[in-house]
Amino acid sequence: MEIPSKYDPRSIEDKWYSFWLEKKYFRSVPDHREPYTIVIPPPNVTGVLHMGHMLNNTIQDVLIRRARMIGKNACWVPGTDHASIATEAKVVAKLKEDGIDKSELTRESFLEHAWEWKEKHGGIILDQLKKLGASCDWDRTCFTMDEARYESVIQVFVDLYNKGLIYRGVRMVNWDPQALTALSDEEVIFREVQSKLYYLRYKVEGSQDEWVTIATTRPETILGDTAVCYHPEDSRFSHLAGKRVIVPLLGRSIPMISDEYVDREFGTGCLKITPAHDVNDYMIGQKYNLESID
């Protein structure tokens, strides 16, 4: 038999992978053998696999094939993830290209477009995994928004809530003004910008001509101010302990407080506290029992 001088993946890999699938060598049914299971960290259906996925899935494949070879009942469960916010952004952009405005669609119509996107890109991802030679049990392929998975998630959350292990409460969240939804901290992309400092004067309550000046990059949040804070070791403001100041424009009386969070070198050394605007302000608000004006 003549052996080719070069390895040709096209003539080898598709042939043998098709043979493995036909013989259902990757299928797993519970039996007497020791189980060995990997649930694939499901890639998002927002696009296609990248090099990170390739490395990750190759390692999983090595582990699952080794387990199979030493006699374990190996099961590698494949699937894809909805990544709802990112997917929605992709679907909205695609609709825009087609001259369709999301706001003109009903929920049901939009979901149809979203599922169409999922079928297309989820299918591409699964085909890529097969092209890699991934020895997944393809009969078990699932999607995180499948009805069974969806019902299971709802059931678990309700159960955890009833047991008092999770609860609902007011929290500072990242808000996407375009998608009109809350975002996970992990989905926020921070960037530095060259901004301005605005200096505002707060009159000390009960005095004729004493003012406290603060510096802020967000003067519009003045509407939610509920305190002015200085560093406890800053002698410039120590005489204001226990006093109150008046919020400009609003005439609202708010307390002067001190906390080590304040950077004495930034701005004037005095910081306006707006608990409903900033995570750190929110924490200070909780610490000193300040009102949070939403």
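Colleague: How many bridges join β7 to β10, and do they run parallel or antiparallel?

Modeller: Two bridges join them, and the strands run antiparallel. One of the bridge pairs puts Lys-203 with Ile-246 in β10. Before we go on: this is a predicted model, where local features need pLDDT of at least 70 and side-chain atom pairs count only at pLDDT 80 or more, while totals for chains, interfaces and linings use all residues. Residues are numbered from 1 along each chain as its sequence is written, and side-chain values use heavy atoms, with hydrogens and water left out.

Colleague: What makes β7 and β10 count as paired?

Modeller: Pairing needs at least two bridges found by DSSP between two strands. β7 and β10 have two, so they meet that definition. As for the word "strand", it is a DSSP run of E with at least two residues, while a helix is a run of H or I with at least four, and both are numbered from the N terminus.

Colleague: Which other strand does β7 (residues 198-204) join, and by how many bridges?

Modeller: β8, in the antiparallel sense, through six bridges. Tyr-199 sits across from Ala-215 in β8.

Colleague: Why are β8 and β12 said to stand at the edges?

Modeller: The open sheet has six strands in the order β8-β7-β10-β11-β9-β12, with mixed pairing. β8 and β12 each have a single partner strand, so one side of each has no neighbour in the sheet. From one strand to the next the twist averages 35 degrees; axes are lines fitted to C-alpha atoms (for helices, over the stretch in contact), and angles between N-to-C directions run from 0 to 180 degrees.

Colleague: How do you know that Leu-249 is exposed?

Modeller: Exposed means over 50% relative accessible area, buried means under 20%, and partly exposed is in between (1.4 Å probe, protein chains only). Leu-249 has 84%, so it is exposed. Leu-249 is in the loop between β10 and β11, and it has a positive phi of about 75 degrees without being a glycine. Most residues other than glycine have a negative phi.

Colleague: And Asn-289: buried or exposed?

Modeller: Exposed, at 71% relative accessibility. Asn-289 is in the segment after α6 and also has a positive phi, about 55 degrees, although it is not a glycine.

Colleague: Why is Thr-226 called buried?

Modeller: Its relative accessibility is 6%, so Thr-226 falls under the 20% limit. Thr-226 lies in the loop between β8 and β9 (227-230).

Colleague: What makes the largest pocket a pocket?

Modeller: The search uses a 1 Å grid over the protein atoms alone. A cavity is a set of points where a 1.4 Å probe fits but cannot get out, whereas a pocket is an open set with protein on both sides within 12 Å along at least five of seven lines. Grid points are joined across faces, edges and corners, and the volume is the space filled by probe spheres set on them; here that is about 930 Å³.

Colleague: Which residues lie nearest its centre?

Modeller: Thr-216, Thr-217, Arg-218, His-277 and Asp-278, out of 25 lining residues. A lining residue has an atom within 4 Å of a point. β12 gives the largest share, three residues.

Colleague: How many of the lining residues of the largest pocket are nonpolar, polar and charged?

Modeller: 12 nonpolar, seven polar and six charged. Ala, Val, Leu, Ile, Met, Phe, Trp, Tyr, Cys and Pro count as nonpolar, Asp, Glu, Lys and Arg as charged, and the others, Gly among them, as polar.

Colleague: Last one: how far does α5 reach from its first C-alpha to its last?

Modeller: 22 Å for 16 residues, close to the 22 Å expected. The expected span is 1.5 Å times one less than the number of residues. After α5 comes Gly-164, with a positive phi near 75 degrees.
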